[in-house]
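Please look through the sequence and the model before reading on. The report below takes up the strands, the nonpolar cores, an aromatic pair and a cavity in turn.

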Amino acid sequence: MKVFGIAGWSGSGKTTLLVRLIPELTRRGLTVSTCKHAHHNFDVDTPGKDSYEHRVAGARQVMIVSGKRWALMHELRDEPEPDFDQALKQMAEVDLVLVEGFKKHPHDKLEVHRKDNGSACLWPDDPHVVAVASDVPLPDLDRPRLDVNNIAAIADFIVAHCHLKPD
């Protein structure tokens, strides 16, 4: 299973890029999953629903199964947050896991940089940024620069970089 990250500061367009990139990669015959790191307390459940009540009552894990999907929620309780490698082990085998966040983890990643975001680039301090997708030229860039709006070219780069064999 190959792992490739999409990194950048908040507001840079990581999610926007991912939701355009996933259909392009799956159209090419690849199986793709995503792993997103949240920096805040989040909840995928709804108060009042049975699964929420099970979890609040103290269940460590709650699985919800239907004819369309299943979800497994794991409540950490007093356990520490799992690191990236522990989280990845929980995922089913696919061709490619695209990672949003975990920007400090040493996996190869594409930085998303937009002029309007105003944030400093990550690539000068992160050797695991193997390319940058940007809407502006980056004259000092010492690795490939891709047009952030050219989804096919970004997919081509990821497929080649990860040595994937699409159908």
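How many bridges join β6 to β7, and do these strands run parallel or antiparallel? Five bridges join the two strands, which run parallel. This is a predicted model, in which local features need pLDDT of at least 70 and side-chain atom pairs count only at pLDDT 80 or more, while totals for chains, interfaces and linings use all residues. Residues are numbered from 1 along each chain as its sequence is written, and side-chain values use heavy atoms, with hydrogens and water left out.

Helices (H or I, at least four residues) and strands (E, at least two) are DSSP runs numbered from the N terminus, and two strands pair if DSSP finds at least two bridges between them. Six of the six residues of β7 are buried, where buried means under 20% relative accessible area, exposed over 50% and partly exposed in between, with a 1.4 Å probe and protein chains only.

A nonpolar core is a set of buried Ala, Val, Leu, Ile, Met, Phe, Trp, Tyr and Cys residues joined through side-chain atoms within 4.5 Å. The largest such core has 25 residues, of which F4, L21, L25 and L110 touch the most other members.

A second, separate core of seven residues includes C35, F84, L88 and V94.

F84 also takes part in the one aromatic pair found in the whole structure, where its partner is F102, with 5.0 Å centre to centre and 65° between the planes, an edge-to-face arrangement. Rings of Phe, Tyr and Trp (its six-membered ring) pair if their centres lie within 6.5 Å, and planes under 30 degrees apart count as stacked, over 60 as edge-to-face and the rest as tilted. Both F84 and F102 are buried.

The lining of the largest cavity includes W9, E111, H113 and R114.

Note on methods:
On a 1 Å grid over the protein atoms alone, a cavity is a set of points where a 1.4 Å probe fits but cannot get out, and a pocket is an open set with protein on both sides within 12 Å along at least five of seven lines; lining residues have an atom within 4 Å of a point.
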